[in-house]
Amino acid sequence: MIKKYLPNSEVYVAEETNNILGFIALSENYIASIFVDIEQQGKGIGTLLLNYAKNLRTELKLNVYQKNEKSVNFYKSKDFISLSESTDQPTLEKEYFMQWNNSKK
């Protein structure tokens, strides 16, 4: 993640009074990372970041571990659909490949 995606990504930060609340990293239409500080989770920061990315793109894709049900449900609630399932080779975790598409743009 640190060596492959982040150096080649657009990174957008949510902050309040110089405190970073979270960030989203986009590599073209791929969400390389989305992170919200654990103390800020459930306060709409992830939605804010995701909506910002949706305003920049007509399509977004991502991979998410199947066992991370909270994140899977979050993306589904934001109109992402699961396109396929696979295994992340470095971790051997099962994951979904998900996509959001806004054909109106």
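Colleague: Why is Ser27 called partly exposed?

Modeller: Ser27 has 22% relative accessibility. Buried means under 20% relative accessible area, exposed over 50%, and partly exposed in between (1.4 Å probe, protein chains only). Ser27 therefore counts as partly exposed. This is a predicted model: local features need pLDDT of at least 70, side-chain atom pairs count only at pLDDT 80 or more, and totals for chains, interfaces and linings use all residues. Residues are numbered from 1 along each chain as its sequence is written, and side-chain values use heavy atoms, without hydrogens and water.

Colleague: Where does Ser27 lie?

Modeller: In strand S2. Strands (E, at least two residues) and helices (H or I, at least four) are DSSP runs, numbered from the N terminus. The C-alpha atoms of Ser27 and Asn8 are separated by 6.6 Å.

Colleague: How do you know that Lys78 has no salt bridge?

Modeller: A salt bridge needs a side-chain nitrogen of Lys or Arg within 4 Å of a carboxyl oxygen of Asp or Glu. For Lys78, the nearest side chain of opposite charge, Asp79, is 8.5 Å away. Lys and Arg count as positive, Asp and Glu as negative; His and the chain ends are not counted. Lys78 is buried yet has no salt bridge.

Colleague: What makes up the largest nonpolar core?

Modeller: It has 19 residues. A nonpolar core is a set of buried Ala, Val, Leu, Ile, Met, Phe, Trp, Tyr and Cys residues joined through side-chain atoms within 4.5 Å. Ile31, Leu60 and Phe80 have the most contacts inside this core. H1 gives the largest share, four residues.
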